[in-house]
Amino acid sequence: MKKKLYHQFACSSLMLPEHRAALARHRREEAWKEWQRRHAPPDEQQLEQFQRLVEQSMQAGLPLKITCLEKGRERCFTGVAHRRQPHPDKLQVQVQEGTVTIPLGAIINLEAAP
Amino acid sequence: MKQRKAILLADAESFYASVEAAQNPSLRGKPVAVCGDPALRHGIVLAASREAKAYGVKAGQPAWECRRLCPEIIFIRPHMEKYLEYSLEMTRIFEQFTDRVVPYSIDEQFLDLSGCERLWGDPRETARRIIRQVWEKLGIRCRIGLGENPLQAKMACDRFAKKRADAFFELDSASYAAHVWPLPIGDLFGIGTRMELHLRRMAVRTIGHLARLPREIPARLWGVNGLLLWLNAHGIDYSSLEAGAAPPPKGVGHCATLPRDYAAPEEIETVLLELTEAVCFRARALGKMGTTVHVYCRGADFNHPSGFSRQKKLPEPAASGPEVYPTVRQLFRRHWDGRPVRAVGVSLSGLVNRRFYQLSLFNRREITDALSDAMDEIRERFGPTALFRAASLTSGGQLFTRARLIGGHER
């Protein structure tokens with residue numbers, strides 16, 4: 001089967017290079033907005049909820065799924081919080097591979113692990 | 001149960017003319033034609049309003065013919081940047097309904113609404129909401145065809161929705177034959193005038209006639225194209241609208257209609273040089289190099305068509321003016337008959353990845369590559385006229401005129 005059978009519209013599409021460039025710019029802008037939306041810093045209510053979950057984890061061993069930003073990239077850890085370091089605020093989490101230390105300011109989401 | 005697909009094709013009515021009317025409401029209800037500058041030999045109609053079409057004015061007609069058909073017609077120069085903005089606005093409206101929006105041209109866009117029923121309800125109702133929203137937000141009348149695949153959506157839009165007052169029509173696999181088969185063969189998507197002639201000679205006058213042929217006949221006569229037409233006649237389409245599903249471009253090219261007939265070889269060669277630079281710039285932007293260069297030249301005399309269209313393999317893949325242009329000039333000098341020229345074009349095909357190439361002992365390619373990259377950076381930042389060849393300042397040069405155009409029309 002030839003490519004044309006699967007792409008007859010892509011093959012016959014008439015797009016100006018300027019239109020393609022404008023669309024690519026639009027897609028980049030949308031992706032950036034989506035990234036910002038997803039990585040917005042948590043609000044007061046969320047912070048309170050995070051606090052509660054961390055306390056439960058430290059007291060009762062509740063496993064947490066923590067999403068944080070590291071150099072602009074999303075990273076996810078699943079483990080139990082066991083210590084909070086002050087100055088600067090960091091959270092030590094016991095994960096399967098060992099212990100990780102996560103700066104509290106980098107956390108964008110925190111929930112009970114499924 | 002297999003989920004039914006819901007593909008929409010949204011088409012803006014007389015797009016350029018509609019944008020002009022949306023910007024200037026005093027044009028509403030009047031015969032309007034968007035037309036290039038006849039002085040620059042761009043005097044053909046690009047779009048005509050519904051009122052102008054009622055007089056028989058069509059896209060592609062010369063301005064004088066439109067004036068003869070409709071003496072009170074209002075000619076407006078194109079504003080391509082504005083049309084691109086409106087097209088993007090339409091994309092933004094469509095993206096409120098689905099993230100699978102695929103523009104097909106400046107005025108046509110596919111939308112995949114499959115699986116959005118729980119979010120938006122019935123696709124027919126969604127289509128009508130989209131039509132309303134485009135009208136309310138942009139003042140542009142949009143027609144929508146709905147189908148189970150892009151082909152059905154396209155046929156529904158082009159052949160039915162455009163003729164209906166509600167600007168909407170739906171085709172599906174069950175109703176396709178009943179609606180589409182009685183249509184003349186030329187109405188099938190993918191059939192041009194030459195193919196229509198071939199088919200008519202075979203007594204295939206309607207889409208139904210083609211559909212009833214054994215599929216081996218068109219496949220044997222025209223290969224994959226024949227098979228594709230037979231499938232289209234049955235409403236079968238394997239096209240994908242997934243992002244990144246489209247095959248990479250096979251080539252890049254540019255052509256230019258000259259503002260006057262060029263008879264001096266050095267003038268024509270100047271334009272060929274500018275086009276070569278533009279083509280190489282685009283190839284580099286894609287991260288590609290070309291292996292074959294193609295030169296096209298159309299003679300000025302319409303009554304005695306002349307010109308040529310020839311291609312040649314490059315000694316090695318290239319994407320820079322100094323490497324490609326000698327072959328372009330060689331093709332031109334060998335095939336040009338010396339008669340005045342009206343239009344020229346250059347394209348590069350057989351694209352290969354620019355990062356991998358055969359090293360040469362005598363040719364320091366990395367130097368030309370670095371030079372090209374530096375020139376690209378400057379042009380991207382400051383525009384195509386920031387850095388140019390001195391030849392563009394001579395009488396034949398078209399660089400500065402072309403920099404003011406989008407798709408060959410005024411910005």
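1. In this predicted model, helix 1 (residues 15-23) of chain B and helix 4 of chain B pack with their axes 10 Å apart and at an angle of about 90°. Because an angle from 65 to 115 degrees counts as roughly perpendicular, helix 1 of chain B is described as roughly perpendicular to helix 4 of chain B. On the side of helix 1 of chain B, the contact is made by B:Phe15, B:Tyr16 and B:Val19, and on the side of helix 4 of chain B by B:Lys82, B:Tyr83 and B:Tyr86. Sorted by class, the residues of this contact are five nonpolar, no polar and one charged.

2. Helix 4 of chain B, which covers residues 80-95, also meets helix 6 of chain B, which covers residues 123-138; their axes come within 10 Å and cross at roughly 135°. The two helices are therefore oblique to each other, and helix 4 of chain B passes helix 6 of chain B in a right-handed crossing. From helix 4 of chain B the residues B:Tyr86, B:Glu89, B:Met90, B:Ile93 and B:Phe94 take part, and they meet B:Ile130, B:Gln133, B:Val134, B:Lys137 and B:Leu138 in helix 6 of chain B. By class, this contact has seven nonpolar, one polar and two charged residues. A reader tracing the chain may note B:Tyr86, which is listed in the contact with helix 1 of chain B and again in the contact with helix 6 of chain B.

3. Further along chain B, helix 12 (residues 265-285) and helix 13 (residues 321-335) have axes that come within 9 Å and cross at roughly 140°. Helix 12 of chain B and helix 13 of chain B are therefore oblique to each other, and the crossing is right-handed. Helix 12 of chain B contributes B:Ile268, B:Glu269, B:Leu272, B:Leu273, B:Thr276, B:Glu277 and B:Cys280, while helix 13 of chain B contributes B:Gly321, B:Val324, B:Tyr325, B:Val328, B:Arg329 and B:Phe332. The residues of this contact divide into eight nonpolar, two polar and three charged.

4. Taken as a whole, chain B has 15 helices and 15 strands, and its C-alpha atoms fill a box of roughly 65 × 50 × 50 Å along the principal axes. A compact globule with 411 residues would have a radius of gyration near 22 Å, and the 24 Å of chain B agrees with this.

5. Chain A has four helices and five strands, arranged along the sequence in the pattern α-α-α-α-β-β-β-β-β. Its C-alpha atoms fill a box of roughly 65 × 35 × 25 Å, taken along the principal axes. For chain A the globule comparison should be read with care: a compact globule of 114 residues would have a radius of gyration near 13 Å, but chain A has 22 Å.

6. Helix 4 of chain A, residues 44-60, has 17 residues that should span 24 Å at 1.5 Å a residue, and its end C-alpha atoms are 24 Å apart, which agrees. After this helix comes A:Gly61, whose phi is positive, near 75°.

7. Where the chains meet, 19 residues of chain A are in contact with 20 residues of chain B. Helix 1 (3-6), helix 2 (8-12) and helix 3 (17-38) of chain A each supply at least two residues of the side of chain A that touches chain B, and the largest share, six residues, comes from helix 3 of chain A. By class, that side of chain A has ten nonpolar, five polar and four charged residues.

How values were computed
Residues numbered from 1 in each chain as written. Chains lettered and ligands numbered in written order. Predicted model: local features only at pLDDT ≥ 70, side-chain atom pairs only at ≥ 80, totals over all residues. Axes fitted to C-alpha atoms, helices over the stretch in contact; angles between N-to-C directions. Parallel < 35°, antiparallel > 145°, perpendicular 65-115°, else oblique. Left-handed = near helix turned anticlockwise from the far one by under 90°. Contact = placed C-beta atoms within 7 Å. Nonpolar A, V, L, I, M, F, W, Y, C, P; charged D, E, K, R; others polar. Expected span 1.5 Å × (residues − 1). Rg over C-alpha atoms; globule rule 2.2 N^0.38 Å.
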